[in-house]
Amino acid sequence: MDTHASTTAETARRRAELAAGLAAVHGRIAAACTAAGRPREDVTLVVVTKTHPASDVRLLAGLGVRDVGENRDQEAAPKAAATEDLDLVWHYVGQLQTNKAKSVARYADLVHSMDRIRLAHALSAAAAREQRTITALLQVSLDEDATRGGVSPADLAELADTVAELPNLTLGGVMAVAPLGVEPARAFARLREIATRLRAAHPAANMVSAGMSNDLEAAVEAGATHVRIGTAVLGVRPSLR
Ligand SMILES: *Cc1c(COP(=O)(O)O)cnc(C)c1O
């Protein structure tokens, strides 16, 4: 059997699959921007590659993807190392334990899940050690029980002031995941109010990370600047090992 030929065929098949997923998502984002009366370039697509191999990241880069996201350091660190030769922007979007800050600071350009003051100090110190600056988005809990992480809206201002003052961190804006059982449009409208309030105190913190495969239209309607899309580009995830 010609292993090389079959590998090449498999790569070509996967590339075509990813290209189709990307085209569909770009189409959805463009349509959502038109519907919302927003310019297409206001919205950045972050392709969340979690559970998919580094070879997919490489194929996506070849298809013009620049922004990639991951939600677990154990997976993201080796993947970022394996694709170090590519010109990628890495977004860390998962809950972040303080003891992982050191590792994440080596590769993440943006952390979307900043949700507590202790983590802000840890990430600032880790970024300083790496002589890097990381953009931190404050993950807001739109849920009553904050099991999925995120700072409560009441504590957001203090966290924002802390991040803004710490060295090697830039306050980027806000991030949220629509809570289960809540209409995404309602959740994202709430996030928009919170984002507007944050911008009043920190005018440069204008990023709004919201929207996943199932709710990107509602997020774009509510002012998202970054949508985080996995399944709609890469297909259903292999179950977590
Ligand atoms: C996995 C993940 C996404 C992407 O979810 P899909 O539904 O696959 O598009 C977005 N944001 C976060 C925080 C995630 O963990």
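This is a predicted model: local features need pLDDT of at least 70, side-chain atom pairs count only at pLDDT 80 or more; totals for chains, interfaces and linings use all residues.
**Loops, strands and a helix crossing**

Q: What is the phi of Q131, and is the residue buried or exposed?
A: Q131 isn't a glycine, yet its phi is positive, at about 55 degrees. Its relative accessible area is 75%. Exposed means over 50%, so Q131 counts as exposed.

Q: T51 also has a positive phi; is T51 buried or exposed?
A: T51 is a residue other than glycine with phi near 70 degrees, and it lies in the loop between β1 and α2. Its relative accessible area comes to 6%. The cut-off for buried is under 20%, so T51 is buried.

Q: Which word describes how α1 lies to α2: parallel, perpendicular or oblique?
A: The axes of α1 (residues 3-36) and α2 (residues 54-62) come within 10 Å and cross at roughly 60 degrees. Perpendicular needs 65 to 115 degrees and parallel under 35. That makes the arrangement of α1 to α2 oblique.

Q: Is the crossing of α1 and α2 left-handed or right-handed, and which α2 residues make the contact?
A: α1 passes α2 in a right-handed crossing. On the α1 side, the contact is made by T11, R14, R15, L18 and L22. By class, the contact has 4 nonpolar, 1 polar and 3 charged residues. The α2 side supplies D56, L59 and L60.

Q: How many bridges join β1 to β2, and which residue of β2 is the bridge partner of V48?
A: β1 (residues 44-48) and β2 run parallel, with 2 bridges joining them. V48 has its bridge partner in β2, and that partner is G69.

Q: In β2, which residue points the same way as G69?
A: In a regular strand, side chains alternate between the two faces of the sheet. In β2 (residues 67-70), V68 and E70 point one way, and all four residues are buried. Pointing the other way, along with G69, is D67.

Q: How many bridges join β1 to β8, and which β8 residue is the bridge partner of T44?
A: β1 and β8 run parallel and are joined by 4 bridges. In β8 (residues 226-229), V227 and I229 point one way and H226 and R228 the other, and all are buried. The bridge partner of T44 in β8 is H226.

Notes. Residues are numbered from 1 along each chain as its sequence is written. Side-chain values use heavy atoms; hydrogens and water are left out. Axes are lines fitted to C-alpha atoms, for helices over the stretch in contact, and angles run from 0 to 180 degrees between N-to-C directions. Angles under 35 degrees count as roughly parallel, over 145 as roughly antiparallel, 65 to 115 as roughly perpendicular and the rest as oblique. A crossing is left-handed if the near helix is turned anticlockwise from the far one by less than a right angle, and right-handed if clockwise. Contact means heavy atoms within 4.5 Å. Ala, Val, Leu, Ile, Met, Phe, Trp, Tyr, Cys and Pro count as nonpolar, Asp, Glu, Lys and Arg as charged, and the others, Gly among them, as polar. Buried means under 20% relative accessible area, exposed over 50%, partly exposed in between (1.4 Å probe, protein chains only). Two strands pair if DSSP finds at least two bridges between them.
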